[in-house]
Amino acid sequence: METNTKSIQETENEIVEEFSLFDEWMDKYEYIIELGKNLPDLDEKLKTEDNKVSGCQSQVWLNTKYENGNIIYEADSDAIITKGLVGLLVRVLSNQKPRDIVDAKLGFIDKIGMKEHLSPNRANGLVAMIKHMKENAKQLIMSRE
Amino acid sequence: MSTFDAEKIRMDFPILQLKINGKPLVYFDNAATTQKPQAVIDSLIKYYSEINSNVHRGVHFLSEKATNAYEAARKTVQKFINASKPEEIVFVRGTTEGINLVSNTYGLKNLKEGDEIIVSTLEHHSNIVPWQMLCERTGAKLKIIPINKKGEIIFDEFKILVTDKTKFVSVAYISNSLGTINPVKKIIDYAHSNNIPVMLDGAQAVQHTKIDVRDLDCDFFAFSGHKIYGPTGIGVLYGKEKFLEAMPPYQGGGDMIKNVSFEKTTYNDLPYKFEAGTPNIAGSIGLAAALNYVSDLGIDNVAKYEHELLDYGTKKMLEIEDMRIIGTADEKASVISFLVGKTHPYDVGTLLDQLGIAVRTGVHCTEPLMNFFKIPGTVRASLAFYNTKDEIDLLVKAVQRAQTMLL
């Protein structure tokens, strides 16, 4: 596992910059679809009920590991756009300290024009995914206090 | 092509003039809810501007006006579905409440351990869960009519399920996910020959086909106002008078009583016995306006035009590579549920939304049905009389574009 030397904010800025190159919705979605396709599949054994994020129309799994004080997230989904979106979250939040994950504001979602995906109505469950990731981080902090 | 002028009709629906994501709205989510004609919107404005008051027993001018409008709405519904009497029309919130009312009153009173209730594989959750809850409370069992690969009820299997344990049958007239029109007349006749009452979930039927509850001879029929171009929060439960009379009340409160004392309360006559509390007066008036609008178009003309749209849409969609239409019943209402290759319905729906096309994706509140087909859900385009062949062409192009992006 490569160590993430960037802070959450630095990765967010990086993504915002990448997305600023797109002026059409299609380019954005093509990029997200590409991300989804490139995100490695999660081991079938890790697609457990515990790892399943509820509140998504498609199935989403998030696996959490703890290494050297950082949380490592791995994710998968049966829908490719959802997989791309969760891939963005993994890129930002994985390999970071639990406290930083809990505190992350994740303003990049709005900045890249994906805010509509944060509405509770959106079936992709971006809100549910973020909650799931932060909840894992919180639990980890509590278990260590 | 019939003389039905959808382009002209579209002008009656203000929301259809909207642009979504910079593109003209193509609204193909009519099985979830329909859009409202100006006549319905105006009726609500008029009610709140000129009539608003609480119904029944008010001595003042406005209360009488509101009561008259509310009761006139009931008569409009009665006429629309050809019920014998206005007393057989109970205003409820929607189909779901109608079904829950029957399961909680007729069901609780008449079913006991060992009895059986029959529904079909095609049902919406709201025609499954209320009966499951009734089974939990009474010890009755739920029996499921199987379907074939086209998404049609297997009538012979239904006949096998009917035994002397069967005490109630509740089936959808038209499937919300697939559009299948069920052989409800045959089901009712067979059930009645065994003295079993039948309820029809009419949520997807009233807006597509002529409903005559006396001709169908169903014992209960429920539908929702918002699926037939009326407001949300208003619906109808029709019940044959002899059943409604014998049923205990559902909810307690004002309006549903004759006299209240701490010793003994007596209940009101039909249909008020089932309408506790201030009803949705505005909703009932909006619903009547919607039914009048549909009656003016002529439900038979609507059915004919929608059928043409369905045939055209099905043909065009099948020209798309790897297109799989789920639900290919011989008798179908204007619903095209589909999957493209290995793409996930959610992905297709998201991209169609970007192109201004509103469809629904997912299991459509019919998980058992999706499990039958072993699919994670479908993309569902449900068509109404204000949709056009041009819009179908746009859908086909958009699906092809989504397909290219997702490959």
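Helices (H or I, at least four residues) and strands (E, at least two) are DSSP runs, numbered from the N terminus. By that rule, A:Asn51 lies in the loop between α2 (25-38) and β1 (60-67) of chain A. This is a predicted model, in which local features need pLDDT of at least 70 and side-chain atom pairs count only at pLDDT 80 or more, while totals for chains, interfaces and linings use all residues. Residues are numbered from 1 along each chain as its sequence is written, chains are lettered from A and ligands numbered from 1 in the order in which they are written, and side-chain values use heavy atoms, with hydrogens and water left out.

**Chain A**

- Chain A has 6 helices and 2 strands, and along the sequence they follow the pattern α-α-β-β-α-α-α-α.
- The radius of gyration of chain A (taken over C-alpha atoms) is 15 Å, and the globule rule, 2.2 Å times the number of residues to the power 0.38, gives a value close to it, 15 Å for 145 residues, so chain A is as compact as a globular protein of that length.
- Along the principal axes, the C-alpha atoms of chain A fill a box of roughly 45 × 30 × 30 Å.
- Of the 145 residues in chain A, 48% are buried, where buried means under 20% relative accessible area, exposed over 50% and partly exposed in between (1.4 Å probe, protein chains only).
- Contact means heavy atoms within 4.5 Å; among contacts in chain A between residues at least 6 apart in sequence, 64% join residues at least 24 apart.

**Surroundings of A:Asn51**

- A:Asn51 counts as buried, at 13% relative accessibility.
- Leaving out residues up to four places away in sequence, A:Asn51 touches A:Leu46, A:Val60, A:Trp61, A:Leu62, A:Asn63 and A:His132.
- The side chains of A:Asn51 and A:Asn63 are joined by a polar contact of 3.1 Å; a polar contact is a pair of N or O atoms within 3.5 Å, and within protein one must be able to donate a hydrogen and the other to accept it, with residues adjacent in sequence counting only if both atoms are side-chain atoms.
- The A:Asn51 side chain also reaches the backbone oxygen of A:Leu46, at 2.8 Å.

**Salt bridges**

- A salt bridge is a side-chain nitrogen of Lys or Arg within 4 Å of a carboxyl oxygen of Asp or Glu, and the count over all chains comes to 25.
- In chain A, the side chains of A:Asp41 and A:Lys83 meet in a salt bridge (2.5 Å, N to O).
- A:Asp41 lies in the loop between α2 and β1 of chain A and A:Lys83 in helix α3 (residues 80-93), so the pair ties together parts that are 42 residues apart in sequence.
- A:Asp41 is exposed, with a relative accessible area of 62%, whereas A:Lys83 is buried, at 4%.
- A network of salt bridges links A:Asp41, A:Glu44, A:Lys47, A:Asp76 and A:Lys83.
- In chain B, B:Asp217 forms a salt bridge with B:Lys240, the closest N and O atoms being 2.9 Å apart.
- That pair links distant parts of the chain, 23 residues apart: B:Asp217 is in the loop between α8 (213-216) and β9 (220-224), and B:Lys240 is in the loop between β10 (235-239) and α9 (241-246).
- B:Asp217 is partly exposed, with a relative accessible area of 30%, while B:Lys240 counts as buried at 14%.

**Chain B**

- Chain B contains 14 helices and 17 strands.
- Its radius of gyration is 22 Å, which agrees with the value near 22 Å that a compact globule of 407 residues would have.
- Of the residues of chain B, 59% count as buried.
- B:Leu383 lies in the loop between β17 (378-382) and α14 of chain B and is buried, with a relative accessible area of 1%.
- Residues that B:Leu383 touches include B:Phe28, B:His208, B:Ser334 and B:Ile392.

**Interface of chain B and chain A**

- The contact takes 15 residues from chain B and 18 residues from chain A.
- The two chains bury about 1500 Å² between them, 58% of it on carbon and sulfur atoms; buried area is the accessible area (1.4 Å probe) that two parts lose on being put together, summed over both.
- In chain B, B:Tyr346, B:Gln354 and B:Met405 lose the most area to chain A, together 43% of what that side buries.
- Across this interface there are 0 salt bridges and 4 residue pairs in polar contact (both at pLDDT 80 or more).
- The elements giving two or more residues to the chain B side are α12 (345-354), β16 (360-362) and α14 (389-406), and the largest share, 6 residues, comes from α12(B).
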